[in-house]
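Subject: Structure for you to look over

Dear colleague,

Please find the structure below, with the sequence alongside. My notes on what was found follow directly after it.

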Amino acid sequence: MEQAQNAVEKRPVFMPRVNSDNLVKTDMVRFERHVGFASRQKKKSINDMHQVIRKKYGFNHVLELSSKSGNKLSFLLSPLSLKLKNEHDGQQYSVENAFQSSGVFEYGGPYIDLLSAPPRQAKKDERLITSGELIGYNYFGMEWSVEPLTTFYDWLYVNALKQNPQLHEEVMQYQAFTDMEFNPKKSIHSAAYALAMFVALHKRELLDNVEDPAVFFNLYHDFKVSNTEQLLEAGWI
């Protein structure tokens, strides 16, 4: 009976690239989704998705970044827990807090009080929805445009991970990254994408000076971008 209720699902896989004009290659994979909210159902879906990825690309090591993975490394790499030290006040903030507190909207923001809110609460703050169109970011006086898409989020994540070298060796063992909870139709910012970008930059020895926004920004011109926004435009999602 359970088998009859299952459906085909599509989710992106983010693959670091070393010998390519992409830093990250994003592709869609089809797999069997096990219907239900139970943790074991989610894990079955993740396993099926990873089996498809392994078969299609020949990968042996694929990391699921959502909390449903059951992997301790996934928890440490989550934007809710991975922290970035800010040079202005010397404090550490999770990637999620840093990102959500920096949004500048038509009618408000940045809401810097979200720096100290629980990360999940910061992510769901109603002001992020009711303040009109997002027009940019302001992170401790550092201004970012919304274009190219995901640049500011990726910068936060890549630099946060760079500041946590104890995670690097294990992270570098993985060939692809997924996030079952990431829905490309609802969001464009994905920690799994930023994680793949970090791995590519690390392997290419391009992590020097990524703290400098101008250096990081240039990456989006030096390399072709392959993300879920392009897949949406192409009708893949």
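Glu170 belongs to helix H8, which spans residues 168-171; helices here (H or I, at least four residues) and strands (E, at least two) are DSSP runs, numbered from the N terminus. With a relative accessible area of 42%, Glu170 is partly exposed, a class that lies between buried (under 20% relative accessible area) and exposed (over 50%), calculated with a 1.4 Å probe and protein chains only. Although Glu170 and Ser20 are 150 residues apart along the chain, their C-alpha atoms are separated by 23 Å.

Before going further, please keep in mind that this is a predicted model, in which local features need pLDDT of at least 70 and side-chain atom pairs count only at pLDDT 80 or more, while totals for chains, interfaces and linings use all residues. Residues are numbered from 1 along each chain as its sequence is written, and side-chain values use heavy atoms, with hydrogens and water left out.

Ser226 sits in the loop that runs between H10 and helix H11 (228-233), and it counts as buried because its relative accessibility is 8%. If neighbours within four places in sequence are set aside, Ser226 is in contact (heavy atoms within 4.5 Å) with Asn22, Val24, Lys25, Thr26 and Tyr193.

Turning to the strands, E1 (residues 7-16) has seven of its 10 residues buried, so this strand is largely enclosed by the rest of the structure. Its antiparallel pairing with strand E2 (residues 24-33) runs over 10 bridges, where two strands are said to pair if DSSP finds at least two bridges between them. Within that pairing, Arg11 has Val29 in E2 as its bridge partner.

There is also an open sheet of three strands, in the order E6-E7-E8 and with antiparallel pairing. Its edge strands, each of which pairs on one side only, are E6 (103-105) and E8 (142-144), and the twist from one strand to the next averages 35°. E6 pairs with strand E7 (residues 134-139) over three bridges, and Leu134 in E7 is the bridge partner of Phe105. E7 and E8 are likewise joined over three bridges in the antiparallel sense, with Trp144 in E8 as the bridge partner of Tyr137. These two strands, E7 and E8, form a hairpin with two residues between them, and in the turn Phe140 has a positive phi of about 50°.

Finally, the helices: two packed helices are described by the angle between their axes and the distance between the axes. For H7 (residues 151-162) and H10 (residues 213-222), the axes come within 11 Å and cross at roughly 120°, the axes being lines fitted to C-alpha atoms, for helices over the stretch in contact, with angles running from 0 to 180 degrees between N-to-C directions. H7 and H10 are therefore oblique to each other, as angles under 35 degrees count as roughly parallel, over 145 as roughly antiparallel, 65 to 115 as roughly perpendicular and the rest as oblique. Where they touch, Thr151, Asp154, Trp155 and Val158 in H7 meet Pro213, Phe216, Phe217 and Tyr220 in H10.

With best regards
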